[in-house]
Amino acid sequence: MGDLRFDGRVVVVTGAGAGLGRAYALLFASRGAKVVVNDLGGGRHGDGSSSKAADSVVEEIKRNGGSAVADYNSVVEGDKIVKTAIDNFGRIDVLVNNAGILRDKSLVNISDQDWDLVHAVHLKGSFKTTQAAFPYFKKQKYGRVIMTSSNAGIYGNFGQANYSAAKMGLVGLASTIAIEGNKYNTFCNVIVPTAASRLTEDILPPDLYNELRPELIAPVVAYLCHESCQENGSIIESAAGWAGRCAIIRANGSLLRSRIADDVSVENVRDRWTKITDVSDSQILGTIQDATGALMASLEGLKSGDGGAGVDESDIYQF
Ligand code: NAI
């Protein structure tokens, strides 16, 4: 099998002036893509702006013989970033939503501005930029989109309530875009990175920080954005030269009543709690239809008295 190339493809990477975004932009360019290097060039808390960050990465790409253009818009004006791609290169094929800031504070100390700015950059920025790119993907029946989530979103992290909420919001956004884009060969996946950057330099222990080069994650993102990759709607975690899919599981659970005419009491729930929360027999449900389908099967089983498909005898609540 040959090398995976991006010749003729136009790739937009937001927040590409540093850290992970820079590593993505350099890799795409080295594989033949024309790259829009977007970066507002502000501080890590979302303050200020500068053309320096984007310009330095464009220069680096050009020095290496690649093709790139700088864009200094904030992702909240994602339509302008997509316009930069169209004006300069005539198309857009890949969008990596990567720009990000932090405003870490414990829950009681988060101001409205800390909440709103973090949501604006991560969640609204990814929405605006993807929404602007989507008509092009639809028309050309080709597109690849990456959302950037975080373990802080999936598992929570002290002092990051605003960031966690926005990052998990991106998982929901990606799941729906994956469905809406599927028939147009437009796929959307989520990357969950852990990498050394200015966002993590004072969070990660120094010896770990040195092992977490963004360049070790960039190939995972590039593969997900290649036309040969058919992955859609997945969450892929990557760090330190490792990658693995992360998925949401659901327990087989428990019926809380034995007849359709019965009500459910709080005590029924208490008495079945171990079974409700036992994930040893859990499954990954790929679609909303799988999720509601399993519920409907249980309901049908309850009506016909057999306890429901996929629910064994012992799962049925005994009064
Ligand atoms: P970074 O601070 O080095 O890079 C983020 C870039 O986004 C900066 O160059 C910044 O100027 C730019 N940016 C910020 N607000 C912008 C806006 N409104 N419009 C355009 N550009 C903007 O940080 P890093 O670590 O490379 O982060 C990249 C993404 O990965 C972020 O979304 C971050 O939340 C996420 N992430 C990073 C992790 C890590 O371990 N480094 C862990 C989990 C998620």
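What share of the contacts in the protein chain with a separation of 6 or more comes from residues 24 or more positions apart? The share is 66%, where two residues are in contact if their C-beta atoms, placed from the backbone, lie within 7 Å.

Before going further, please note that this is a predicted model, in which local features need pLDDT of at least 70, side-chain atom pairs count only at pLDDT 80 or more, and totals for chains, interfaces and linings use all residues. Residues are numbered from 1 along each chain as its sequence is written.

**The whole chain**

The protein chain holds eleven helices and ten strands; these are DSSP runs, with helices (H or I) of at least four residues and strands (E) of at least two, numbered from the N terminus. Along the principal axes, its C-alpha atoms fill a box of roughly 75 × 45 × 35 Å. Of the 319 residues, 41% are buried, meaning that 20 or more other C-beta atoms lie within 10 Å of the residue's own, while 12 or fewer counts as exposed and anything in between as partly exposed.

An automatic or database domain assignment gives the domain bounds: domain 1 covers 10–246 and domain 2 covers 249–315. Their C-alpha centres lie 39 Å apart.

**Two helices side by side**

Now look at helix H1 (residues 19–30) and helix H2 (residues 52–63), whose axes come within 10 Å and cross at roughly 25°. The axes are lines fitted to C-alpha atoms over the stretch in contact, with angles from 0 to 180 degrees between N-to-C directions. That angle makes H1 roughly parallel to H2, because angles under 35 degrees count as roughly parallel, over 145 as roughly antiparallel, 65 to 115 as roughly perpendicular and the rest as oblique.

From H1, the contact is made by Arg22, Ala25, Leu26 and Ala29, and from H2 by Val57, Glu60 and Ile61. These residues divide into five nonpolar, no polar and two charged.

**Two residues with positive phi**

Lysine 141 and asparagine 185 each have a positive phi in a residue other than glycine.

Methods:
Nonpolar A, V, L, I, M, F, W, Y, C, P; charged D, E, K, R; others polar.
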